[in-house]
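Please open the structure in a viewer and keep the selection panel at hand.

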Amino acid sequence: MSDGASPVTLPTDSSHSGSIRKGCDPFAQTQRSKLQHRRARINQQINKEMRMRAGAENLFRATTNNKVKETVALELSFVNSNLQLLKEELEELNSNMEVYQTDSDAISVPMIPLGLKETKEVDFTVPIQNFHILNVHYKLTSSYYRRHIKLLYVVCQAMRTPSRSQAGLELLMEYYNQLYYLDQRFFSSHRNLGVHFHWYDSLTGVPSSQRALAFEKGSVLFNIGALHTQIGARQDRAATAGIDKAVDAFQRAAGAFNYLKENFSNAPSLDMSALSLSMLVRLMVAQVQECVFERITITTRDTKFTSQLQLAQEAAQVSDVYSLVHQTMTQPLMKDYVPFSWASMVQVKSEHFRALSHYYAAAALCDHTVSFDGEECDKESDKAFLKFYVNIASGQTLSQILQDPEKRRKLGKAHLRRAVMRHEEAMRVHSLCKILRKMDILQDVLCQTHKRSLEKYLELDREDDFDETAEAPEIQAHTQQKPDITPPSFTTVQVSDIFQRLGPLSVFCSRAHWGPPRVIRLQKREGGMGLTLRGDSPVLVAGVVPGGCAEEAGLREGDYIVAVDGQDCKWAKHGEVVLMLTSSSDREVEISVVTL
C-alpha cells in the first residue's frame with residue numbers, strides 16, 4: 001500500500017516527549033468491548049482457517065495420488081464450511097448497531113457505525129535493534145535510545161484499544177503522527193526493517209499483511225474514521241446539542257475515509273479499497289443529512305404552510321442520499337461484501353424518509369393554519385409551492401390548487417396514499433432482515449409513522465369521494481444545509497518526535513547518506529579558524545580557507561557540525577555554534593562533523 005501524501009510536519013521540539021495518553025482497559029466488560037473481543041476471536045479463527053485452506057489447496061495441486069486428492073477435497077469442503085459460518089457470525093456482529101447507540105429513551109432511527117479494524121501486536125523495538133539501524137545509519141548504539149523505543153511500543157499498544165471519546169481519537173491521531181516521524185527516520189525506499197503489519201478487514205475479518213508503513217498509517221486512519229462513526233451513533237439526538245455533535249462526528253468520519261481514498265493506493269484489504277471507501281463516504285454523508293432533518297423537525301415548532309413544505313423537501317433529500325448509498329452497496333463487488341443488514345437498513349431509511357416527505361406535503365396542504373387571504377402570504381406560499389414539485393400534471397395550475405380547499409384536500413390525500421405505501425414498503429424490507437427485526441426501536445419508529453399517516457389518510461377519506469385518487473407528483477428534494485466532508489486535521493494533536501535527539505529531519509533522516517562522524521581538533525590562531533559557516537540546525541561548513549588551520553585539521557566544505565567540545569549542536573542556531581567555537585579558552589577546540 002502506498003501513501004500518496006504525508007501529514008503536516010509537526011513541531012520537532014516540545015516540552016514533553018512521547019505519549020501521555022492511554023488506551024481503554026482491554027478487559028473492561030462493557031458491551032462495546034465484549035463485541036470487539038468477539039470480533040478479535042473470530043478474526044483469529046478466520047485467519048487460522050484460511051491458512052489451513054491455503055495449505056490444503058497447495059497439497060491438492062501438488063499431489064497426483066487420487067486417494068489423497070479425495071481426502072484433501074473433503075478437508076477443503078469442511079474448511080470452507082467453517083469459513084462461511086465464521087463470516088456469517090462476524091457479519092452479525094458487524095450488524096450489531098444497538099451496542100453503539102445512545103442510552104437515551106428517545107425514539108429515533110438507529111445510525112450505522114463501524115467496528116474498529118483489529119490488528120496483531122507489532123513491536124518496532126526488535127527490528128530497530130536487531131538490524132542495527134541506529135548503529136549503521138545513525139552511528140549510535142541502540143541502548144542510547146532504548147527508552148525512546150520502549151515509549152514508541154507503549155503508544156503502539158495503547159492505540160489498539162482507544163476509548164470511544166475525544167481522548168480515544170487523540171490517541172489514534174498521536175500514533176498516526178508518530179508514524180510520520182518513524183517513516184522519515186527509519187523507512188526508505190532502499191531499506192526494509194522487516195516489520196510486518198497485520199490488520200484484519202473490518203467487515204469480513206480476512207487478514208492482510210504488508211511491510212509498508214503506509215499500510216499501518218492507512219489502517220490507523222481508517223480506525224479514526226470508524227471511531228468517529230461510533231461517537232456519532234451514541235449521541236442523544238433528541239436535542240439539538242446531540243444532533244450537532246452527531247453531525248460533526250459523521251462529517252469527520254466522511255473526511256477520514258475520503259482522505260484515505262484520495263491519498264492511499266494499492267490497499268490489500270477490501271474495506272480500504274476505493275470502492276468501499278466511496279460507499280462509506282456516501283453513507284456518512286447520508287447520516288449527516290438525516291441529522292439535519294432531525295434538527296429541523298425539532299426547531300420547526302409552527303405548522304405554517306412553508307415550514308411543512310420545507311420538512312417535506314428535507315425528508316426527500318434524505319431519501320435521495322440513502323437511495324444513492326443503496327445503489328453503491330448493491331454494485332457487483334460490494335453486494336456480497338456489505339452486510340445484508342446494512343443494505344436493508346439503508347433501503348428502509350430511503351423508503352421511510354420518502355414516506356415522511358409525502359406526509360409533510362399532505363400536512364402542508366391540509367393542516368396549515370395560514371390563510372391565503374393576505375397578499376403577502378399568498379406570494380410567499382405561491383413562491384414556495386412553485387419550487388416544490390419536480391413536475392406537475394397539465395390542466396391545472398399550482399395557484400388554483402392552493403386557492404381551492406377541495407383541490408388541496410384531494411392532493412393531500414394523494415400524498416398520504418403514497419406515504420402509506422412507502423411506509424408499508426419500509427416495513428416489508430425491514431421484515432426480511434432478521435437482524436433488523438431484533439431492533440425494537442426501529443420497529444417502533446416505522447410503526448408509529450405508518451400509523452400516523454394511515455390515520456390522517458382515513459380522516460380525509462369521505463364516503464361520497466368516488467373519484468379515483470390522483471397520483472401525487474414527485475417532490476423536489478432540497479436541503480437548507482448540505483453536509484461537509486471534514487478532512488482530518490493532523491496538527492490538532494501535536495506530538496514531539498520521539499527520536500528528535502537524532503537531529504533535524506531535513507538532514508538526519510532515512511533517505512540521507514553520510515559517513516561516520518569525524519572528530520576534528522582545530523588549533524586556534526590569531527588569523528582566525530579559516531572557515532565560514534552557513535545555516536541553522538545543523539550548521540554547515542560553507543567554505544574552508546586554503547592553507548588555513550581548518551583545512552590542515554581535515555575540515556571540508558559541506559561538513560555538518562554536530563558537536564563542539566562534546567556538546568551536541570545538531571539543533572543549534574548559527575550564532576550559537578559560532579559562540580561555542582570562539583568562547584573556548586583553550587587553544588584547541590574539538591569539533592564532530594558528518595558529511596553527506
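The stops below begin with the overall chain and continue with selected salt bridges.

Begin with the entire protein chain, which is a predicted model. A cartoon display shows 19 helices and ten strands. Of the 596 residues, 52% count as buried. Among contacts between residues at least 6 apart in sequence, 80% join residues at least 24 apart.

Next, turn to charged side chains. Side chains of opposite charge can pair when their charged atoms come close. The structure holds 17 salt bridges.

Select D271 and K117, which form a salt bridge with their closest N and O atoms 2.8 Å apart. D271 lies in the loop between strand 4 and helix 9, and K117 in the loop between helix 2 and helix 3, so the pair ties together parts that are 154 residues apart in sequence. Both D271 and K117 are buried.

Now select R185 and D497, another salt bridge, whose closest N and O atoms are 2.6 Å apart. R185 belongs to helix 6, whereas D497 sits in the loop between helix 17 and strand 5, 312 residues apart. R185 is buried, with a relative accessible area of 0%, and D497 counts as buried at 1%.

Finally, select R354 and E474, a salt bridge with its closest N and O atoms 3.4 Å apart. R354 is in helix 12, and E474 is in the loop between helix 17 and strand 5. R354 counts as buried at 7% relative accessibility, while E474 counts as partly exposed at 30%.

Key. Residues are numbered from 1 along each chain as its sequence is written. This is a predicted model: local features need pLDDT of at least 70, side-chain atom pairs count only at pLDDT 80 or more; totals for chains, interfaces and linings use all residues. Side-chain values use heavy atoms; hydrogens and water are left out. Helices (H or I, at least four residues) and strands (E, at least two) are DSSP runs, numbered from the N terminus. Buried means under 20% relative accessible area, exposed over 50%, partly exposed in between (1.4 Å probe, protein chains only). Contact means heavy atoms within 4.5 Å. A salt bridge is a side-chain nitrogen of Lys or Arg within 4 Å of a carboxyl oxygen of Asp or Glu.
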